[in-house]
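Here is a short report for someone meeting this structure for the first time.

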Amino acid sequence: MSKTIRNVFDRKLTYIKLIEAHYRAVLGKKKKREVLLFEEDLETNVYNLLYKLERGIYKLGKYREFKVYEPKERTIKSLPYKDRVVHQWYVEEFIKPFYVPRFIRDTYACIDNRGSHVCSKKCQEYMLKMKKRYGNYYVLKGDIQKYFYSIRKDILFDLLSRDIKDVKLLDLTRKLIYDNEEIVGIPIGNYTSQYFANIYLSELDYYLKYELKVTYYLRYMDDFVILLPSKEECKEVLYKIRLFLERRLDLKLNTKTRYYPSKFGVNFCGYIIHERYLLLRKRCVKKIKKRLRKNRLCLKDFHGHLMHANCYHFVEKIKEELLRKNAASGKNS
């Protein structure tokens, strides 16, 4: 495996690869107006992108901003469709092949064949090992304060330029990172942002695994869990993490970061995780009940999440209530 990325930009920049990037970017968006317009003259639009990328004159379009409120209020930035095609090409051809194999085994967000369910099961496996070895143990649970909004672009670019030695690719990387005049923060919503954010916090992964020699550590984007034998070790590791994040990445942990006895379980990846069972988070239960009250609940939307949790009786009650509501609406119609 190559230690740096060299001499790949021109080889990977082809009409076929940009078409493939379009077919990935279009999934779930075929009926959107900007996609339909792009596909009206697909060949010309793709060749225009190819021409601009070849000559280094490609520029990002203007962001459209909107807010989402689940699971919390966030500002999402969306680029024009042509830029999303470029993002797909950039990530799939350069970022994934080089960086994903270098991620530690126990980081799980935005990585094929991992994800939140695999992460929660691995956390449970590690908890069982700690239980067998120590009996009682401690959980250090942390996440980063306003993570995407706090990423320093200069630090991110330095991390990437350490590995990317292809001049054209590095120039495109600079354009993708420095997409506006702000020096802090990357946009939630960009395909590139998911991977840039993972690369940024990989520095913490390497520090914990290879310098502090922490065995039971898992990260899902900016949330992480460390299992340790004692309260004193949690306090010491947490102190070192705070220092590392502030000095190396200019990040801070949020106020929810804490350590506690393992008997309370681990609130992580959408579940309350215990050694031998998974419970639904209260937030998920409230969301389901809220949709039920508003007659907007479809259990299929939650199927993937519910099937991994120990929540049989809860699901049966919700099904009964759905049947009752459906029957009532049938009588009234």
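## Ground rules

Helices are DSSP runs of H or I with at least four residues, strands are DSSP runs of E with at least two, and both are numbered from the N terminus. This is a predicted model, in which local features need pLDDT of at least 70, side-chain atom pairs count only at pLDDT 80 or more, and totals for chains, interfaces and linings use all residues. Residues are numbered from 1 along each chain as its sequence is written, and side-chain values use heavy atoms, with hydrogens and water left out.

## A pair within one helix

K175 and D171 are four residues apart in helix 9, so about one helical turn separates them. They form a salt bridge, with the closest N and O atoms 3.7 Å apart. A salt bridge here is a side-chain nitrogen of Lys or Arg within 4 Å of a carboxyl oxygen of Asp or Glu. Side chains of opposite charge can pair when their charged atoms come close.

How accessible are the two partners? K175 is partly exposed at 25% relative accessibility. D171 is also partly exposed, at 29%. The cut-offs are these: buried is under 20% relative accessible area, exposed is over 50%, and partly exposed lies in between (1.4 Å probe, protein chains only).

E93 lies in helix 5 (residues 81-99) and K12 in helix 1 (residues 9-12), so the pair ties together parts that are 81 residues apart in sequence. E93 is buried, at 11% relative accessibility. A network of salt bridges links K12, K17 and E93.

K153 and D179 also meet in a salt bridge, at 3.0 Å from N to O. K153 sits in helix 8 (residues 153-161), and D179 sits in the loop between helix 9 (167-177) and helix 10 (191-211), so this pair ties together parts 26 residues apart in sequence. Both K153 and D179 are buried.

## Helix 2 against helix 5

Two packed helices are described by the angle between their axes and the distance between the axes. Axes are lines fitted to C-alpha atoms, for helices over the stretch in contact, and angles run from 0 to 180 degrees between N-to-C directions. Helix 2 (residues 15-25) packs on helix 5 at about 110°, with the axes 8 Å apart. The two are therefore roughly perpendicular, a label for angles of 65 to 115 degrees.

Contact means heavy atoms within 4.5 Å. On the helix 2 side, the contact residues include K17, L18 and A21. Helix 5 brings, among them, W89, E92 and E93. By class, this contact has six nonpolar, two polar and five charged residues. Ala, Val, Leu, Ile, Met, Phe, Trp, Tyr, Cys and Pro count as nonpolar, Asp, Glu, Lys and Arg as charged, and the others, Gly among them, as polar.

## Helix 8 against helix 10

The axes of helix 8 and helix 10 come within 10 Å and cross at roughly 85°. These helices are therefore roughly perpendicular to each other. I155, L156, L159 and L160 in helix 8 meet F196, I199, Y200 and E203 in helix 10. The contact has seven nonpolar residues, no polar ones and one charged.

## A buried loop residue

Where is S262? S262 lies in the loop between strand 6 (258-261) and strand 7 (266-268). S262 is buried, with a relative accessible area of 6%. Not counting residues up to four places away in sequence, S262 touches Y137, Y138, V139 and E275.

Notes
Parallel < 35°, antiparallel > 145°, perpendicular 65-115°, else oblique.
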